[in-house]
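Visitor: Before we start, could you take me through how the features of a model like this one are to be read, one at a time?

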Amino acid sequence: MTYKIDGKEVSSYIKECLKKEVQKLDIKPCLAVVLVGSNPASISYVSSKKKTCEELGFSHRDIDLDETVSQDDLISVIEDLNRDDNVDGILVQLPLPRHIDSDMIIKKILPEKDVDGFTPINMGRLVLGQECFIPCTPKGILALLDYYKIDTDGKKVVVVGRSNIVGKPIANLLMQKDRNATVTVCNTHTKDLKKECLEADILIAACGQREAIKGDMVKDGAVVIDVGINRVDDPSRERGWRLVGDCDYNALKDKVTAITPVPGGVGPMTIAMLMENTLIAFKRRRGL
Ligand code: NDP
């Protein structure tokens, strides 16, 4: 019997725990949210992050900058937030406009306030297995595995995708000594993707290609974590589209042990983990 890995349920549980913890604090943890320009997807992500802050009793500092802001001015904004003792976490919504070097901007965030876990310092610590801020989506995947007691020790994990925000960190986290998985990471140059995927006890799909992982690419009884979020046309819906993952859910759902749906799998976990990281930053900065 296949079971659904329900990210909505797990994220609600985690958010409820965070809310209770924040209620007990005299000062509210504060997340600074930096938005540059007016990309509709970015605006939507930023507004749901702020809404979640409000629901859980966090405060947020909104910094909305014009599309034309210079790199130097954006760096000054980050440096001000770094110095501001009332700010616990700093989030710069990506992507940034083309004239801005995103790597340079991310590097300027104080590692202690880097709640996205994207700075080279936090990434380096993650690879070394040291205390760090774990990027929110990989952290959400670990939380799902833990919640459903899916053991990774000695398991063969195949990660499809090697991005800095999903593929690389989740692969590194699962190969650490506390998780003990044997990890293969695939990319567009992988010679035989199907052969690699068929080896997986746990398959993590993060390639950004709609339903790229077909029914015959996953072995019976595997666990499938589908990170992908792809918008496809759907005239039957009023809004004209729906979301699908990187895996063919219908083809897989009856042959695997467990699978995350899209939407409602990994997606809802990401914001919950951002809030958790912000609370961790608040506590670490105060030695709590
Ligand atoms: P990127 O586009 O940055 O990276 C995709 C990776 O997948 C690349 O490493 C690429 O390889 C690899 N890839 C693409 N096609 C194939 C293929 N056919 N075979 C093997 N490897 C392939 O994507 P992200 O990591 O940012 O995101 C991945 C997916 O996850 C997207 O759908 C995104 O929307 C979603 N996402 C969901 C989040 C959530 O909260 N649930 C958060 C972040 C992302 P190469 O390096 O060779 O190009």
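Visitor: Which helix gives the largest share of the lining of the second largest pocket?

Guide: A pocket is found on a 1 Å grid over the protein atoms alone, as an open set of points where a 1.4 Å probe fits, with protein on both sides within 12 Å along at least five of seven lines, and its lining residues have an atom within 4 Å of a point. Here α5 gives the largest share, 4 residues, while α4 (102-108), α5 (120-128) and α7 (167-175) each supply at least two; helices are DSSP runs of H or I with at least four residues, strands are runs of E with at least two, and both are numbered from the N terminus. This is a predicted model, in which local features need pLDDT of at least 70 and side-chain atom pairs count only at pLDDT 80 or more, whereas totals for chains, interfaces and linings use all residues. Residues are numbered from 1 along each chain as its sequence is written, and side-chain values use heavy atoms, with hydrogens and water left out.

Visitor: How much space lies in that pocket, and which residues are closest to its centre?

Guide: A volume is the space filled by probe spheres set on the grid points, which are joined across faces, edges and corners. For the second largest pocket this is about 290 Å³, and of its 15 lining residues, Asp103, Ile106, Phe118, Met123 and Asn164 are the closest to the centre.

Visitor: Why does the second largest pocket lie between the domains?

Guide: Domain bounds come from an automatic or database domain assignment. Domain 1 (27-110) and domain 2 (136-267) both give residues to the lining, so the pocket lies between them; the centres of the two domains, taken over C-alpha atoms, are 29 Å apart.

Visitor: Where are the cis peptide bonds?

Guide: One joins Leu94 and Pro95, with omega about 0°, and Pro95 lies in the loop between β4 (89-92) and α4. Another joins Val262 and Pro263, again with omega about 0°.
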